[in-house]
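Subject: Structure handover

Hi,

Here is the structure I promised to pass on to you. Have a look at it first, and then read my notes below.

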Amino acid sequence: MRTSKVRKKTHNESNKIYNKSWQAIIFILPGLILAVAFIFYPMLKNIQISFSDYDIISGKLTFTGLDNFKALFTESQQRFFTAYRNNILYAVVVTPITLFLGLIIAVAINSIKKFSTTFKVIYYLPVITSWIIAGLVFKYLFNPGIQGPINYLLVNVLHITSTPINWLKTEWGGNISIWILGIWKNIGYAMLLYLAAIQGINKSYYEVAAIEGATGFQKLKNVTIPLIKPTTFFLTIQLLIGSFNVFLQVLVLTGGDPRGKTSVLQYLLYTRTFKLYKFGEGAAIGLITAISILIVTLILNKKMKVDY
């Protein structure tokens with residue numbers, strides 16, 4: 001009798017688990033189908049094309065091994081290495097400056113009593129501004145002639161140089177313009193996340209620091225910065241990934257000129273794929289970009305050792 005009851009109880013529990021599993025599968029299935037259709041399949045197809053010669057008209061794929069990668073690495077003008085260098089420089093310059101300015105602005109806004117919402121809106125406006133519109137504004141600001149506001153300021157107001165600088169048609173002038181645009185667009189995003197993190201810190205930490213005679217800078221260094229480390233890690237990852245996806249600012253500001261010296265990986269992918277119709281090389285650039293982002297993320301995850 002007792003054995004029969006145990007079997008019945010076990011059977012009922014198995015049925016409950018079975019029903020819950022089906023309910024879970026029904027909820028997961030739509031998302032899984034979309035992920036397979038729009039993420040995993042394109043990813044695997046990109047890997048396949050990167051090792052092939054792809055004819056988009058016939059849809060024919062001919063396996064070529066590493067030929068697409070060799071073509072990128074051995075090109076006489078070394079456009080791939082220049083683009084890769086520019087991505088790294090963008091990450092090295094834009095990421096720390098954006099984090100620093102975003103943190104400073106967040107601390108400043110958190111410390112004021114009035115108009116904090118107004119300042120939040122002002123600093124966040126660039127984030128929601130279209131890259132194309134922002135790029136066109138920056139193209140006007142960095143106009144190579146004396147009528148360009150930046151050149152006018154440098155030549156006629158500050159007298160730093162006697163002749164206007166051709167910002168967008170020189171290697172470093174173009175890169176600096178792209179970096180400044182990237183920093184301007186991302187500061188508001190960093191500011192908002194830092195502000196949320198700072199406002200989530202328990203006030204008792206600051207009260208204890210004040211009792212011990214800590215200055216404002218010491219509170220920032222020893223309390224705020226360590227406690228917002230997860231936010232810094234998240235922002236660093238986001239900005240580094242964004243650094244490998246730079247495209248629109250290059251397209252609008254410089255078009256990769258002069259001779260690809262301001263190009264980046266995504267712009268090179270665009271030109272190889274949609275202008276030269278070298279789909280295999282474009283897919284190879286995409287694969288290299290994905291691997292680079294993965295490596296950077298793993299290294300940062302290990303080095304920063306964030307405990308959530």
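Residues 84-300 are 76% helix and 0% strand, and the end C-alpha atoms of this span lie 19 Å apart. UniProt, in an unreviewed entry, gives residues 84-300 as "domain: ABC transmembrane type-1". A word on that record: UniProt positions are in the numbering used here, feature names are shortened, and annotations may be inferred rather than shown by experiment.

Before you go further, keep in mind that this is a predicted model, where local features need pLDDT of at least 70, side-chain atom pairs count only at pLDDT 80 or more, and totals for chains, interfaces and linings use all residues. Residues are numbered from 1 along each chain as its sequence is written, and side-chain values use heavy atoms, with hydrogens and water left out.

Residues 21-44 are 100% helix and 0% strand, with end C-alpha atoms 29 Å apart. Residues 276-300 are 88% helix and 0% strand, and there the end C-alpha atoms are 36 Å apart.

Now the overall picture. The protein has 13 helices and two strands (these are DSSP runs, H or I of at least four residues for helices and E of at least two for strands, numbered from the N terminus). Its radius of gyration is 26 Å, well over the 19 Å that the globule rule gives for 308 residues, so the protein is more spread out than a compact globule. That radius is taken over C-alpha atoms, and the rule is 2.2 Å times the number of residues to the power 0.38. Along its principal axes, the C-alpha trace spans about 105 × 75 × 30 Å.

Of the 308 residues, 36% count as buried (buried is under 20% relative accessible area, exposed is over 50%, and partly exposed is in between, with a 1.4 Å probe and protein chains only). As for contacts (heavy atoms within 4.5 Å), take the pairs of residues at least 6 apart in sequence: 65% of their contacts join residues at least 24 apart. On charge, there are 30 positive and 11 negative side chains, and the centres of the two sets lie 10 Å apart. Lys and Arg count as positive and Asp and Glu as negative, while His and the chain ends are not counted; each charge is placed at NZ of Lys, CZ of Arg, CG of Asp or CD of Glu.

Leucine 103 sits in helix H3 and is buried, because its relative accessibility is 11%. Leaving out neighbours within four places in sequence, leucine 103 is in contact with Tyr194, Ile198, Ile225 and Ile228. Leucine 103 and threonine 224 are 121 residues apart in sequence, and their C-alpha atoms are 10.0 Å apart in space.

Glycine 280 is in helix H13 (residues 279-304). Buried or exposed, would you say, for glycine 280? It is buried, as its relative accessible area is 5%. Not counting residues up to four places away in sequence, glycine 280 touches Ile49, Ser50, Ser52 and Asn68. From glycine 280 to alanine 210 there are 70 residues in sequence and 61 Å in space, C-alpha to C-alpha.

Threonine 129 is in the loop between helix H4 (116-128) and helix H5 (131-141). With a relative accessible area of 26%, threonine 129 is partly exposed. Setting aside neighbours within four places in sequence, its contacts are Ala134 and Lys185.

Finally, a few backbone details. Glutamine 78 has a positive phi of about 50° although it is not a glycine; it lies in the loop between helix H2 (67-73) and helix H3 (79-111) and is partly exposed at 44% relative accessibility. Tyrosine 277, also not a glycine, has a positive phi of about 60°. Tyrosine 277 is in the loop between H12 and H13, and at 58% relative accessibility it counts as exposed. Which residues are joined by a cis peptide bond? Aspartate 257 and proline 258 are, with omega about -5°. Proline 258 lies in the loop between helix H11 (248-253) and helix H12 (265-275).

Cheers
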